[in-house]
Amino acid sequence: MADKFLIIGGGIAGLMTGIALQQAGFSVEIFEQAVEVKRVGAGITVAPNGMAALEKLGLAEQVKAMGNVSSKGIAIVDEAGKPITKLADEKLAFPIYAIHRADLQAILLGSLEVGTLKLGRKCSNLTQDDSGIVLKMEDGSEISGDYAIVADGIHSVARDSIFGKQPLRYAGYTCWRGIAKTWPKDADQKLFTETWGTKGRIGIVPLANQETYWFAVAAASENSIVHQTYELSHLVRRFESYHKPIQEVLEATNPDKIISGDIFDLEPMKNFAKGRVVLIGDAAHAMTPNLGQGGSQAMEDAIILRNWLKKKR
Ligand SMILES: Cc1cc2nc3c(=O)[nH]c(=O)nc-3n(C[C@H](O)[C@H](O)[C@H](O)COP(=O)(O)OP(=O)(O)OC[C@H]3O[C@@H](n4cnc5c(N)ncnc54)[C@H](O)[C@@H]3O)c2cc1C
């Protein structure tokens with residue numbers, strides 16, 4: 001009988017790997033704790049390495065069609081909007097795309113065989129021996145397989161079951177993200193910007209369909225109550241001295257849909273594999289979002305793992 005690969009976590013890493021392994025003819029099931037697929041999340045930029053991975057699975061065209069391309073590059077500017085530096089797209093193999101996370105998720109879900117993703121299945125422990133692996137689920141059930149692919153994110157329970165508790169590092173700043181229902185007036189939709197100033201950093205990333213993804217970052221102590229209770233009006237005031245169209249974008253955001261949280265990364269691990277278990281995505285190498293690489297490296301993991309498994313078959 002074919003080896004059975006059980007993937008824990010249905011985020012970018014888990015879904016991409018599920019697709020990659022299915023396309024290569026492996027038997028895969030994905031266990032995701034969320035009970036339903038909802039249109040949540042903000043935007044995400046997909047870097048050239050992520051686009052290359054998507055292309056290998058035949059998905060890059062869908063991301064291009066549903067996303068927006070930074071054909072004018074990514075500009076780092078100061079509070080007044082004056083250029084500090086620019087990431088030049090012409091030097092990259094692919095330009096950087098931006099897409100609503102829900103649209104990326106829909107593309108990935110649509111590429112999996114029906115029934116692969118099991119919702120409402122939270123893994124609370126993972127064990128292995130010479131004959132296989134066992135997922136212990138929160139509802140008390142157990143699921144056996146041949147190999148486990150751990151993709152349950154930075155706080156991975158499955159990883160810690162096998163590798164021991166892994167330390168996270170607080171990055172020293174907190175972050176807010178949102179989607180504005182507008183494209184800023186008089187701004188170039190093909191230029192993504194990040195503004196650096198004394199009140200913090202703020203990124204403006206036009207998406208498709210007249211929406212704009214923004215993120216704001218401020219230095220803060222971990223779990224700062226002041227910042228946890230921030231509302232949109234606080235952000236509008238905080239960045240009021242920053243250049244146009246930052247105010248316009250913030251004000252066009254539904255205040256109830258803002259996502260916020262302190263930023264952590266994972267202390268680098270020496271190994272991503274042990275016995276029948278392999279870590280991918282944020283469970284393996286969660287990083288700070290400054291380079292917009294976490295999701296793209298999760299996509300790369302899927303291709304690298306698939307290629308390695310194909311060679312070993
Ligand atoms: C503010 C911010 C901005 C970012 N911007 C970008 C960007 O622009 N570009 C980019 O490439 N990256 C970006 N990243 C990083 C990117 O979001 C992550 O690297 C990426 O989402 C990792 O995907 P993943 O599938 O490994 O983990 P996750 O996205 O965390 O997915 C893990 C999945 O596992 C599920 N899960 C968790 N625990 C269990 C369990 N016990 N049992 C079953 N299921 C479980 C979760 O519900 C989730 O669906 C950003 C990150 C942050 C914080």
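Predicted model: local features only at pLDDT ≥ 70, side-chain atom pairs only at ≥ 80, totals over all residues.
Let me start at one spot in the chain: Arg177 stands opposite Phe215 in strand S16, and S16 (residues 212-219) pairs with strand S13 in the antiparallel sense over eight bridges. For the terms, two strands pair if DSSP finds at least two bridges between them, and the strands (E, at least two residues) and helices (H or I, at least four) are DSSP runs, numbered from the N terminus.

Residues are numbered from 1 along each chain as its sequence is written, and side-chain values use heavy atoms, with hydrogens and water left out.

Staying with S13, which covers residues 168-180, we find that seven bridges also join this strand to strand S17 (residues 259-266), again in antiparallel fashion. Within that pairing, Trp176 stands opposite Ser260 of S17.

Now the loops around S16. Gln210 lies in the loop between strand S15 (200-206) and S16, and this residue has a positive phi of about 55 degrees although it is not a glycine. In the loop between S16 and helix H6 (225-228) sits Asn223, whose phi is near 60 degrees, again a positive value in a residue other than glycine. Further along, Lys244 and Pro245 are joined by a cis peptide bond with omega about 5 degrees, and Pro245 is placed in the loop between helix H7 (232-238) and helix H8 (246-251).

Let me step back to the domains. The protein is divided into domain 1 (4-69 + 99-167 + 267-312) and domain 2 (169-264), with bounds that come from an automatic or database domain assignment. The centres of the two domains, taken over C-alpha atoms, are separated by 28 Å. Their contact, meaning heavy atoms within 4.5 Å, takes 20 residues from domain 1 and 19 residues from domain 2.

How much area do domain 1 and domain 2 bury between them? The value is about 1500 Å², 58% of it on carbon and sulfur atoms, where buried area is the accessible area (1.4 Å probe) that two parts lose on being put together, summed over both. On the domain 1 side, Ala42, Asn68 and Asn290 supply 31% of the area buried against domain 2, more than any other three residues.

Which strands each supply at least two residues of the side of domain 1 that touches domain 2? They are strand S3 (43-46), strand S4 (68-69) and strand S7 (97-100), and S3 gives the most, with three residues.

These three strands also form an open sheet in the order S3-S7-S4, with antiparallel pairing, and the edge strands, S3 and S4, each pair on one side only. S3 and S7 share four bridges, and the bridge partner of Thr45 in S7 is Ala98.

A further sheet is open and mixed, with six strands in the order S8-S2-S1-S12-S19-S18. Strand S8 (117-118) and strand S18 (273-274) stand at its edges with a single partner strand each, so one side of each is left without a neighbour in the sheet. Inside this sheet, strand S1 (residues 4-8) runs parallel to strand S12 (residues 147-150), joined by four bridges, and Phe5 has Tyr147 as its bridge partner in S12.

The structure holds 13 salt bridges. One of them is formed by Glu29 with Lys4, the closest N and O atoms being 3.9 Å apart; this pair links distant parts of the chain, with Glu29 in strand S2 (residues 27-31) and Lys4 in S1, 25 residues apart.

Finally, S9 and S10 form a hairpin with two residues between them. Six bridges join S9 (residues 123-129) to S10 (residues 132-137) in the antiparallel sense, and Cys123 has Met137 as its bridge partner in S10.

Methods. Salt bridge = Lys/Arg side-chain N within 4 Å of Asp/Glu carboxyl O.
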